[in-house]
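Hi,

Here is the structure I promised to pass on.

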Amino acid sequence: MKHSKATRMAAPRSSIDIWSVQCEDCLKWRIIPTQEEYEEIRRKIVEDPFVCSKKSNISCKDPADMEYDNSRVWVVDKPNLPKTPPGFHRDLVLRKDFSKLDCYYFAPNGRKFRAGTEVASFLKENPEYKDLSTSDFSFSVPKVMMNTVPVDAAKVESSGGSKRKFSFVK
């Protein structure tokens, strides 16, 4: 089945495999089990900073869940971005050259959006989403922490892709 540009559909292929946040008090990294939970923390991180005690049975005295190092490529997200609306999915895909991430949203019907103008058209065409607005979607992308990108990234990219893991952090 062919789709026009306006009805692009694709399966999500996120580059993110671990969601984590840093405790404001002890600065240890804590793994967040789901993208949804991570987005809820990020949505209000400025007015309600993350601390270890927000995870059950965890305190600042416990060892970090993970360390910031170059065993994986890290990206740092902007605070207070909106949480993805229910039924939609937000994917971040790292470019092969490690230069940046691209952001895509997927509607419940699988339609893929690459920009706010596409979301606006979709919302206008689908009155069942009248409670949503384009401000409920953010195409802002996290910053790639270049000190965690492999030195030989060009070789990795040219050899058919990377097996590296990626972490998503606040």
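Both faces of strand S5 are covered: Leu101, Cys103 and Tyr105 on one side, and Asp102, Tyr104 and Phe106 on the other, are all buried. Here buried means under 20% relative accessible area, exposed over 50% and partly exposed in between, with a 1.4 Å probe and protein chains only. Strands are DSSP runs of E with at least two residues, helices are runs of H or I with at least four, and both are numbered from the N terminus. In general, side chains in a regular strand alternate between the two faces of the sheet.

Before going on, a word on the source: this is a predicted model, in which local features need pLDDT of at least 70, side-chain atom pairs count only at pLDDT 80 or more, and totals for chains, interfaces and linings use all residues. Residues are numbered from 1 along each chain as its sequence is written, and side-chain values use heavy atoms, with hydrogens and water left out.

What does S5 pair with? S4 and S5 run antiparallel and are joined by six bridges, with aspartate 91 standing opposite tyrosine 104. S5 also pairs with strand S6 (residues 112-113), in the antiparallel sense over two bridges; there the bridge partner of tyrosine 105 is phenylalanine 113. Two strands count as paired if DSSP finds at least two bridges between them.

Tyrosine 105 has a relative accessible area of 0%, so it counts as buried. Its side chain makes a polar contact of 3.2 Å with that of arginine 90 (N or O atoms within 3.5 Å; within protein, one must be able to donate a hydrogen and the other to accept it, and residues adjacent in sequence count only if both atoms are side-chain atoms).

Tyr105 belongs to one aromatic cluster with Phe88, Phe113, Phe122, Tyr129, Phe137 and Phe139, and the whole structure holds 10 aromatic pairs. Rings of Phe, Tyr and Trp (its six-membered ring) pair if their centres lie within 6.5 Å; planes under 30 degrees apart count as stacked, over 60 as edge-to-face and the rest as tilted. One of the pairs is phenylalanine 88 with tyrosine 129, edge-to-face at 5.4 Å centre to centre and 70° between the planes. Both of these residues are buried. Phenylalanine 88 also pairs edge-to-face with phenylalanine 137, at 5.2 Å and 80°. Phenylalanine 88 lies in the loop between S3 and S4 and phenylalanine 137 in the loop between H2 and S7, so this pair ties together parts that are 49 residues apart in sequence.

Best wishes
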